[in-house]
Amino acid sequence: MIDLIQGIGTLPGFGIVRVSGLSMRPALEDGDFVLFRRLSAADNPFPGMIVIVRHQRLGTIVKLLGQEARPGHFGLHGLSALSTDSTHLGRAERQDIIGQAVLRIWRHGVSGLRVN
């Protein structure tokens, strides 16, 4: 579960979440903050993006976007072996994808987010 941070100031089109858990290691650690760009209806998410998703059972989560199983339905994956298996996470519908992770804010500073 990820907490959406409220009241930290406003930056139109962006948001901040705090990471809880180890499922996105090594890209993200428990306690890191993630600056994300909110996706508009015109944006087309693609596999390999780190996204913030409003999940039916788990609330707001950060995951790696998988393949589009059918139009508008994407697989979700963690990066760590500690992550919930993708078959148990289910799929994310396009309207549930809140944004794309842009920056990691952590104890060592700030860094861009990319998954190779």
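This is a predicted model: local features need pLDDT of at least 70, side-chain atom pairs count only at pLDDT 80 or more; totals for chains, interfaces and linings use all residues.
Q: Why is Arg 25 called partly exposed?
A: The relative accessible area of Arg 25 is 36%.

Q: What makes Arg 25 and Glu 29 a salt bridge?
A: Their closest N and O atoms are 3.1 Å apart. The cut-off is 4 Å between a side-chain nitrogen of Lys or Arg and a carboxyl oxygen of Asp or Glu, so the pair qualifies. Glu 29 is partly exposed as well, with a relative accessible area of 24%.

Q: How many salt bridges does the structure hold?
A: The structure holds 3. One of them joins Arg 37 to Asp 43, with the closest N and O atoms 3.1 Å apart. Arg 37 has 28% relative accessibility and therefore counts as partly exposed.

Q: What makes Arg 104 and Asp 32 a salt bridge, and which parts of the chain does the pair tie together?
A: The closest N and O atoms of Arg 104 and Asp 32 are 2.6 Å apart, and the cut-off is 4 Å, so this pair is a salt bridge. Arg 104 lies in strand β8 and Asp 32 in the loop between β2 and β3, so the pair ties together parts that are 72 residues apart in sequence.

Q: How do you know whether Asp 32 and Arg 104 are buried or exposed?
A: Relative accessibility is 5% for Asp 32 and 7% for Arg 104. Buried means under 20%, so both residues count as buried.

Q: What else does the side chain of Asp 32 meet?
A: A polar atom of the Asp 32 side chain lies 2.7 Å from the backbone nitrogen of Glu 29. The limit for a polar contact is 3.5 Å, so this distance is within it. Leaving aside residues up to four places away in sequence, Asp 32 touches residues including Val 17, Ile 105 and Trp 106.

Q: How do you know that β2 and β3 pair?
A: There are 5 bridges between β2 and β3, which run antiparallel. Pairing needs at least two bridges, so these strands pair. Within this pairing, Phe 14 stands opposite Arg 37 in β3.

Q: Which side chains of β2 point to the buried face?
A: Gly 15 and Val 17 point to one face and are buried.

Q: Which residues have the most contacts inside the largest nonpolar core?
A: Leu 28, Val 34, Ile 50, Ile 52 and Val 62 have the most contacts inside this core of 14 residues. The elements that give two or more residues to the core are β3, β4, β5 and β8. A second, separate core has 11 residues, among them Met 49, Val 51, Leu 65 and Phe 74.

Q: Why is Ile 61 called buried?
A: Ile 61 is in strand β5 and has a relative accessible area of 5%. Buried means under 20%, so Ile 61 is buried.

How values were computed: Residues are numbered from 1 along each chain as its sequence is written. Side-chain values use heavy atoms; hydrogens and water are left out. A polar contact is a pair of N or O atoms within 3.5 Å; within protein, one must be able to donate a hydrogen and the other to accept it, and residues adjacent in sequence count only if both atoms are side-chain atoms. Contact means heavy atoms within 4.5 Å. Helices (H or I, at least four residues) and strands (E, at least two) are DSSP runs, numbered from the N terminus. Buried means under 20% relative accessible area, exposed over 50%, partly exposed in between (1.4 Å probe, protein chains only). A nonpolar core is a set of buried Ala, Val, Leu, Ile, Met, Phe, Trp, Tyr and Cys residues joined through side-chain atoms within 4.5 Å.
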